[in-house]
Amino acid sequence: MNEIEQVPDQEAEIQEFEDEDELFYTEIDEIQNHGIGAADISKLKSAGICTVRAIHMTTRKNLCKIKGLSEAKVDKLKETATKLQSASFMTATEFSLIRSKVMYISTGSKSLDALMGGGIPTMSITEAFGEFRTGKTQIAHTLSVVAQLPPVMGGTNGKAAFIDTEGTFRPERIKSIAARFGIDHEAALENIIFARAYTSEHQMELIIELAARFAEERGVYRLLVIDSIIALFRTDYAGRGELAERQQKLNIMLSRLIKISEEFNVAVYITNQIQADPGSNMMFVSDPRKPIGGHVLAHASTVRLYLRKGRGDERVAKVYDSPDMPEAEAPIPMKRKRRRSNEHSVKEGEKAINIQVVVRCRARIEREIAANSPVIVKTAARELQVRLNPLDILPHKTYTFDRVFGPEVNQKKVFDNVVVPILNEVRAGYNCTLFAYGQTSTGKTFTMEGNLNTNNDIISSDAGVIPRALHNIYETLEEESADFSVKVSYIELYNEELKDLLSSDDTDPRKLKILDDNNKKGVLHGHEEVLIQNAEHGIRVLKQGSIKRHMAQTNYNKNSSRSHSVFCITVHIKETMPDGEDLLKVGKLYLVDLAGSENISRTGAENIRAKEAGTINKSLLTLGRCINSLNEHAIHIPYRESKLTRLLQDSLGGRTKTCIIATISPAKQSYEETLSTLDYAHRAKNIQNKPVVNQRVTKKALIKEYICEIERLKADLTAAREKNGVYISKEEFDRLVDENSDLNNKINQFIAVDNHNRNAFREFSESLLSVTSQFESKLDELKSMHIVFGESMVNKTNEFMENHAMDIAECLKYINDRLDQFDQQRDNMEHLLKTEEKASSSLYEELIKFRQETTKNLIQKEQELRTKSTTMLENLKHELSVQFDNIRSFREKIDEDVKYMVKSTQTHIDSQNRTIINNKDHTKEAIEDEVNVKNN
Ligand SMILES: Nc1ncnc2c1ncn2[C@@H]1O[C@H](COP(=O)(O)OP(=O)(O)OP(=O)(O)O)[C@@H](O)[C@H]1O
């Protein structure tokens, strides 16, 4: 095992596994000790029989078929094998001991693991079948990594073998899965052996080779993936006549796989496709699809997993035909699993990804050969070198890109490597852009369009990206039996003017416009979209549009594109939700063929061609500046400086998945232009986009949109046919537009005056409110006097305040009512003005008059209110001062009363005191008299 971080007790675990393997097989070399010659052993090995058990598993007949093995030798072999390892009965306890060695590899999904009793088991074949993009291959990649993990992490500490029959294996996926499980991706890749099978025979040979390897590296491998098991059989045995043979061959392969899984305690994971089940309709089956391969595959697989798309990014797995598992379903979230390929690894959601940049260098063309201009560009898979002279006197430059295609690379290879992964993203609901950039005559149009001729619907080998993309979309979606529709649009940008190349009416006054979308990115409006029936129809539409495109012969290119063009393919795919609602996934692919940059002094462009070249270069310069600014993370990106950059705004630093194909010439005479293109492209590599998947739309919403569009088109058509539409001259149209804009200005001025008046009213009402609050505080003051002046005085004050509070409330109500009326009147006026703005100016004048009157009335009312409230305030002030005087005099009176009372009481007390003293004296005298009488 490689550099994977080891858990502490791993050594012990490895030893344990090795001991366990004794239970499964004895190496074939053992038979040499029992009299079988080394030459015969090697014959057996080359036939894939690498263990003693494999001799048991192979029939006498098949052993005799091995060259050089006679019947007598085969008998001897069988006898020796039985001696070394019994193939007879064992007790159920012994068998259960073997079964106890079954290991489970986690699928990476807890729910799926739970469904499968712990994961994918060894000693069995697990088959996953389902539609395209249901996660079969993703599970295969995940298992290949998880198998390497220690058992505590759901693995087996083992290596994985991957047989790829459809070109689906992606090391990038392995890297991201390794990162998810926190292991070194290089080690993870080292622990997977991979082979691409090209025919069903080759597939079988690879399996035999694997058996030998598994035997040689005992207990090292725990997983064998075949993605997919049947694809090559379907290609190799086409037609009903070959079906029986196909099934027979498939059966042999599957039986081999069963033996391998049991012999080496390996989990075999195979993927399979599905097909419509014609018989299901009669039996009312809810999902009328079934796996391919018939009973042969059904009997070979121990566990069959049906994968289907669920809600959103979710996949649903269902167990079929398992000997020991219930037929249950489990949801598997696939959020992490958007990565489609090496070139287009996509991180979900808001995560930024670099745009992809590839370079294509064509061979020298006639002009360059005639000029004897030597080849100075050397290409490798990802690297490209520009040497000005072969002797290396001048320094040479080396660039690295996501991919580099040399002159030997044909259109198909460019398409398969660059565009197929992009189309996968389009079908997943992303907007993607592919644009070709480069010097004039370097092959941009050749790459994007190429040869558009078809023969019986078969495209030419020189067909470019667009026709191939159209075919690929139809082929893939039809194969998936998807419910989908495709629309295309085609526009050009010539001398900074936009033109719809699909518009049926070139004199259509409606101009194409670039407007801001919700994210302030430029989007095109007003262009035709053609619903196409099939790829061929799409190519016809492209051809018709291309004829209208501005092309011209220049000194550098017989057919030079003088405009930038954007061909957009929009795909709608129906998805049925579990609740039965139909949603539509929308993906767009913008295919941009830029006009070529041109060194005017070198290409010798004159007059109109020079002017065109100037505009082309200008917009390309802006494009370059945008690329630089994005590269330097500048705050301002000058998108708005040209229509081209406005159109590409979402593709450069936006939410689209973007790929640039930079095209170059290999000839020395284009040295400067080539370096300039490569510098641009190299800088573009650092631009990051944040792709966002498009929102699904409901079918209803789309139908509604279509109905509106149809209604609009019908109305246009009827008007054109019956000539009862409104026809006006261009001058009259312009005049009306001007008049309309005048009216709009006036309305805006009126609204401004109106707003001013409303503000004045608001201020006034606010000042009234402040007066009210002053009153309230006065009321509080008066209330506090209750303590000093008694109940009657306060009641009187309250009564007084209440009377006035009513006045104020009335006054406020009046103002609010007037404000409401005023708002109502203003809204009515606005409404009237908007709906009637195209009508005669007399209405406008009336409205102005009405506004003036209303404003006058309002001003008058305002003055009245002001006067009334001022009078009220004055009255209130006066009343208050009278009350204050009353209070003051009342207080003085109370003071006097109190003084008088105090004085009179004092006098009374004094007289009482005097009386008491007198009485005291009299009493004293009486007592003395009494005492004297007694004594005498
Ligand atoms: N990879 C290629 N293989 C074969 N021929 C090619 C290749 N690339 C370009 N050519 C040929 O080179 C010529 C110029 O190509 P093309 O018109 O596509 O250039 P361009 O970059 O679109 O130029 P412009 O900017 O002037 O429109 C054409 O004759 C085209 O067929």
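I894 has a relative accessible area of 35%, so I894 counts as partly exposed. This is a predicted model, so please hear every value I give as computed. I894 lies in helix α27. Together with F890, V898 and V902, I894 makes a nonpolar surface patch of about 320 Å².

Helix α27 covers residues 841-935, and D929 is placed in it. D929 has a relative accessibility of 48%, so D929 is also partly exposed.

Now the salt bridges. How many salt bridges does a search of the whole structure find? The count is 18. I will go through a few of them.

The pair of K45 and D29 is one of these, with the closest N and O atoms 3.1 Å apart. K45 sits in helix α2, residues 38-46, while D29 is in the loop between α1, residues 10-22, and α2. The two are 16 residues apart, and the pair is a link between distant parts of the chain. As for cover, K45 has a relative accessible area of 35%, so K45 is partly exposed. D29 is at 34% relative accessibility and therefore counts as partly exposed too.

Next, E217 and R213. Their side chains form a salt bridge at 3.4 Å, N to O. E217 has a relative accessible area of 25%, which means it is partly exposed. For R213 the figure is 33%, so R213 is partly exposed as well.

The next pair is K657 and E425, whose side chains meet in a salt bridge at 3.1 Å, N to O. Which elements hold the two residues of this pair, K657 and E425? K657 is in strand β31, residues 657-664, and E425 is in helix α16, residues 411-427. They are 232 residues apart, and this pair also links distant parts of the chain. Are K657 and E425 buried or exposed? Both are buried.

One more case goes beyond a single pair. D40, K43 and K73 are joined by salt bridges into a network.

Key. Residues are numbered from 1 along each chain as its sequence is written. This is a predicted model: local features need pLDDT of at least 70, side-chain atom pairs count only at pLDDT 80 or more; totals for chains, interfaces and linings use all residues. Side-chain values use heavy atoms; hydrogens and water are left out. Helices (H or I, at least four residues) and strands (E, at least two) are DSSP runs, numbered from the N terminus. Buried means under 20% relative accessible area, exposed over 50%, partly exposed in between (1.4 Å probe, protein chains only). A salt bridge is a side-chain nitrogen of Lys or Arg within 4 Å of a carboxyl oxygen of Asp or Glu. Patches are made of residues with over 30% relative accessible area and no salt bridge: like charges are joined within 9 Å, nonpolar side chains (Val, Leu, Ile, Met, Phe, Trp, Tyr) within 5 Å. Accessible areas come from the Shrake-Rupley method with a 1.4 Å probe; for residues, only the protein chains shown count as cover.
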